Amino acid sequence: MNKSVKEYAFTEQKVRWVKKHTPKLLSFSITRPADFDFIAGQFAKLSFMNGDNYVSRAYSMISSETAEYLDFYAILIEDGIMSDHFKQMQA
C-alpha cells in the first residue's frame, strides 16, 4: 500500500472558537499543525475521546490552504456521537 500521505498521523489541537449558527449548525476553528498541508476540498479526520476509544469522522476545511488556522462547519445530527461532542465543545 502506498503511504505517501501521512497516515495515522494524529495531533492534538486546541479549539480557538466555536460559533453556534442554529441548533443544528456550528462553525469552529482549531490550531493548525506546522506541517499540515491540504488542497481545497480535502478532508481532515477529526476525533474525540469517547470512553476509552476515539470516535472519528472526516470534515472538509472551510479555511484557505494558506490560513494559519483550520476552520470547519459541522452539521449536528440528533443523537450523533460526534454531534454530542461538538455541542459541548468550547474554546
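User: Is Phe86 buried or exposed, and how do I read that?
Analyst: Phe86 counts as buried, at 1% relative accessibility. Buried means under 20% relative accessible area, exposed over 50% and partly exposed in between, with a 1.4 Å probe and protein chains only. This is a predicted model, where local features need pLDDT of at least 70, side-chain atom pairs count only at pLDDT 80 or more, and totals for chains, interfaces and linings use all residues. Residues are numbered from 1 along each chain as its sequence is written, and side-chain values use heavy atoms, leaving out hydrogens and water.

User: How many aromatic pairs are there?
Analyst: A pair of aromatic rings is described by the distance of the centres and the angle of the planes. Rings of Phe, Tyr and Trp (its six-membered ring) pair if their centres lie within 6.5 Å; planes under 30 degrees apart are stacked, over 60 edge-to-face, the rest tilted. The count here comes to five. One of them is tilted: Phe28 and Phe86, 5.2 Å centre to centre with 35 degrees between the planes. Phe28 sits in strand β2 (residues 25–31) and Phe86 in helix α1, so this pair ties together parts 58 residues apart in sequence. Phe28 is also buried, at 2% relative accessibility.

User: What kind of pair do Phe48 and Phe86 make?
Analyst: Their centres are 5.3 Å apart and their planes at 85 degrees, so the pair is edge-to-face. Phe48 belongs to strand β3 (residues 43–50), so with Phe86 in helix α1 the pair links parts 38 residues apart in sequence. Phe28, Phe48, Tyr59, Phe72 and Phe86 form one aromatic cluster.

Conventions: Helices (H or I, at least four residues) and strands (E, at least two) are DSSP runs, numbered from the N terminus.
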